[in-house]
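Me: Hi! I've just loaded this one and would like to go through it with you. Can we start with the charged pairs and then move on to the packing?

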Amino acid sequence: MSPCRTPAATRLEPSVRSTTTCPNEPSRSPKPSAWRSPFPPTGDWDHAHASATAYRDTYGHLDVPADYGSPDGFALGEWIGHQRTRHTIGRLSPEHRAALDDLGMLWSPPGENFPRMLDHARAWAAQHGHLAPPHDATHGGHRVGRWIAECRHKAKAGTLAPGYEQALTDIDSWWNPPFTVTWRRFYAHAKAHVEQHGTGHVPNAYKTEDGIPLGQWINRQRNRFTTLHPAQAQLLLAIHLGPDEYSVYDGERRTARYAEFRPYLIASAAYLNREGDLRVPRGHVETIWNGQEVRLGTWIRKIRKAPEKLTVEERTAMESLYMVWDPTLGTRRTLRPSGAEEAGTS
């Protein structure tokens, strides 16, 4: 008798199948059904609808990328696509269609056109204060960073439509800067800090709550101010971050002449940082960090009349502080080289 044959005395009724298997025979799995539902599992409607509502409330629309996943892991983009399919072939209930219409459902998948991505870029900029997103930045799942990078590439190649370039400029005039995009992002952090705290003068070790080494960056800009692009310098002056007075003077420091010149240099830098220019009123008195009062307006007027009395290093330092030698013309006079003439600071 075969070891797998059931003895006659113990054979089961035909209506009952034995679960006895033969260890010498291969196991047999049931064949999978050849029919599949055209509708992948969609999860619970209430859960899905809540996820779609949260997306709409956050971003103001229901333009969900196909690969977007909600913060809780729900595949919202895929689910939206399934609802479009059901709607197209008439398998979506009127109640569900009405609920999605109330959320602003886009029943046809939107194309990758410029106005659509511009809206997402505008929303990203409103949230972050600039249009210099990292390459991997997204907004509601839309790859804003990559799209802006492509627009910059086209603009530099001259293939971006003028109207498109202007639309981006209207969002952020420095979206395609003549300096690095990284600098633009750091500047946005500095600007936000100044607006919040009223000053950008922070310790070198200062970091934002997000871990941005802002203190290090700001101090580096002030120390290298004279090497910056003119646009960078003007942007920094707009938030009252001018050059460090010590970084603009290359002359000998341990001299009586420098001791006499130094208070005026410090006062000039302080005035520039605060006002954004060096058009100092004649009677203005600047109080510097040690409480010393400096008659800056009188001194500026004096050196405008006789700039040749300053040394080359002193004139260069004042030039770095945006000194205007002739306020009427708004231009700088051509000066002859000077030696160690008196600074005229008395």
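Me: Which residue forms a salt bridge with arginine 274, with the closest N and O atoms 2.8 Å apart?

Reply: That's glutamate 286. Bear in mind that this is a predicted model. The pair links distant parts of the chain, with glutamate 286 in strand β1 (residues 286-287) and arginine 274 in helix α10 (residues 256-275), twelve residues apart.

Me: Is glutamate 286 buried or exposed?

Reply: Glutamate 286 is buried, because its relative accessible area is 5% and the cut-off for buried is under 20%. Arginine 274, at 37%, is partly exposed.

Me: Which residues are linked with Arg274 in a network of salt bridges?

Reply: Glu275 and Glu286 are linked with Arg274 in that network. The side chains of arginine 274 and glutamate 275 meet at 3.1 Å, N to O. Glutamate 275 is partly exposed, with a relative accessible area of 42%.

Me: How many salt bridges does the count come to?

Reply: Seven. One of them joins the side chains of arginine 184 and aspartate 172, at 3.1 Å from N to O. This pair also links distant parts of the chain: arginine 184 sits in helix α7 (residues 181-197), while aspartate 172 is in the loop between α6 (162-171) and α7, twelve residues apart.

Me: And are arginine 184 and aspartate 172 buried or exposed?

Reply: Both arginine 184 and aspartate 172 are buried.

Me: New topic, then. Why is helix α8 described as largely enclosed by the rest of the structure?

Reply: Because seven of the ten residues of α8 (residues 214-223) are buried. They are Leu214, Gly215, Trp217, Ile218, Asn219, Gln221 and Arg222.

Me: What do the buried residues of α8 pack against?

Reply: They pack against three elements, namely α7, α9 (230-238) and α10.

Me: Let's zoom in on leucine 214. What is leucine 214 in contact with, leaving aside its neighbours within four places in sequence?

Reply: Leucine 214 touches Phe186, His189, Ala190, His193, Tyr206, Lys207 and Thr208. Take phenylalanine 186: it is 28 residues from leucine 214 in sequence, yet the two are 7.4 Å apart in space, C-alpha to C-alpha. Leucine 214 counts as buried because its relative accessibility is 0%.

Me: OK, on to the largest nonpolar core. Which of its 43 residues touch the most other members?

Reply: Those are Trp217, Leu236, Leu278, Trp299, Ile300, Ile303 and Met318. The elements giving two or more residues to this core are α7, α8, α9, α10, α11 (296-305) and α12. The largest share, nine residues, comes from α10.

Me: Which residues is isoleucine 300 in contact with, again leaving aside neighbours within four places in sequence?

Reply: Ser268, Leu278, Val280, Met318 and Met323.

Me: And serine 320, where is that placed?

Reply: Serine 320 is in helix α12 (residues 312-320). Serine 320 is buried, with a relative accessible area of 16%. Not counting residues up to four places away in sequence, serine 320 touches Thr226, Pro243 and Val248.

Me: Now a helix pair. How do the axes of α4 and α5 cross?

Reply: The axes of α4 (residues 114-128) and α5 (residues 144-157) come within 10 Å and cross at roughly 115°. The crossing is left-handed.

Me: Which residues make that contact?

Reply: From α4 there are Phe114, Met117, Leu118, His120, Ala121 and Trp124, and from α5 there are Val144, Trp147, Ile148 and Cys151. By class, the contact has nine nonpolar residues, one polar and no charged ones.

Me: Last bit, the overall picture. How many helices and strands does the protein have?

Reply: Twelve helices and two strands. Starting at the N terminus, the elements run α-α-α-α-α-α-α-α-α-α-β-β-α-α.

Me: And what percentage of the residues count as buried?

Reply: Of the protein's 346 residues, 39% count as buried. As for contacts between residues at least 6 apart in sequence, 51% join residues at least 24 apart.

Technical notes
Residues numbered from 1 in each chain as written. Predicted model: local features only at pLDDT ≥ 70, side-chain atom pairs only at ≥ 80, totals over all residues. Heavy atoms only, no water. Axes fitted to C-alpha atoms, helices over the stretch in contact; angles between N-to-C directions. Helix = DSSP H or I, 4+ residues; strand = E, 2+ residues; numbered from the N terminus. Left-handed = near helix turned anticlockwise from the far one by under 90°. Contact = heavy atoms within 4.5 Å. Nonpolar A, V, L, I, M, F, W, Y, C, P; charged D, E, K, R; others polar. Buried < 20%, exposed > 50% of the residue type's maximum accessible area, 1.4 Å probe, protein only. Salt bridge = Lys/Arg side-chain N within 4 Å of Asp/Glu carboxyl O. Core = buried A, V, L, I, M, F, W, Y, C linked by side-chain atoms within 4.5 Å.
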